[in-house]
Structures are given as C-alpha cells and as structure tokens.
Amino acid sequence: MAIGAINTCLEYGLAIPADIAIIGFDNVPFSKYTNPPLTTISKPVFEMSQLGAQLLLDSINGSVSQKQYLLDTELTIRDSL
C-alpha cells in the first residue's frame, strides 16, 4: 500500500517527503528500492509465528492463556520520511 501511495503521490506531482511523508509496515525487501526509498517498520514475523503456534498448541491441550505479549518492532528510516 505504501509503495502504491508513493507512486500515486509522484503522479500528482507531490514531493516526498517535502509535501508528504510515507511510512510502510512490514519492511518488504523491495521497499529500499522504491523512489524515494521507503521508511518502514519491521515486525518479528518468525517470533510471531512461533508464539502463535505455541498458543494454538496450548489451546488444543486445554490451556488458555490470558497473557499479553509485546514483541519488538524496528523502524528503518529511509528517504520517504
């Protein structure tokens, strides 16, 4: 979505980041190759997958957790901010 937003803004003559700043989420590999390179937030997909699988197994085995989990994210600043 953020890459599409960059393209649309450029089509309408908006300068990024002078007129509008854009931040993406997920840090897809090609985000650093957009024009301008996209500032993005990374999430810990592997840890999320492990935790989700463990919670599913716990639920199947009758253990319901009321815990909240907070996983680290990372902001990668590039030229779109």
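A residue is called buried at under 20% relative accessible area, exposed at over 50%, and partly exposed in between (1.4 Å probe, protein chains only). The structure shown is a predicted model, in which local features need pLDDT of at least 70 and side-chain atom pairs count only at pLDDT 80 or more, while totals for chains, interfaces and linings use all residues. Residues are numbered from 1 along each chain as its sequence is written, and side-chain values use heavy atoms, with hydrogens and water left out.

**View 1. Fold of the chain.** The chain contains two helices and three strands, arranged along the sequence as α-β-β-α-β. Its radius of gyration is 18 Å, well over the 12 Å that the globule rule gives for 81 residues, so the chain is more spread out than a compact globule. This radius is taken over C-alpha atoms, and the rule is 2.2 Å times the number of residues to the power 0.38. Helices (H or I, at least four residues) and strands (E, at least two) are DSSP runs, numbered from the N terminus.

**View 2. Burial in the chain.** Of the 81 residues, 21% count as buried.

**View 3. The salt bridge between K43 and D26.** One salt bridge is found in a search of the whole structure; the term denotes a side-chain nitrogen of Lys or Arg within 4 Å of a carboxyl oxygen of Asp or Glu. It joins the side chains of K43 and D26 at 2.6 Å, N to O. The pair links distant parts of the chain, 17 residues apart: K43 lies in the loop between β2 (39-42) and α2 (45-60), and D26 in the loop between β1 (23-25) and β2. K43 is partly exposed, at 30% relative accessible area, and D26 is likewise partly exposed, at 36%.
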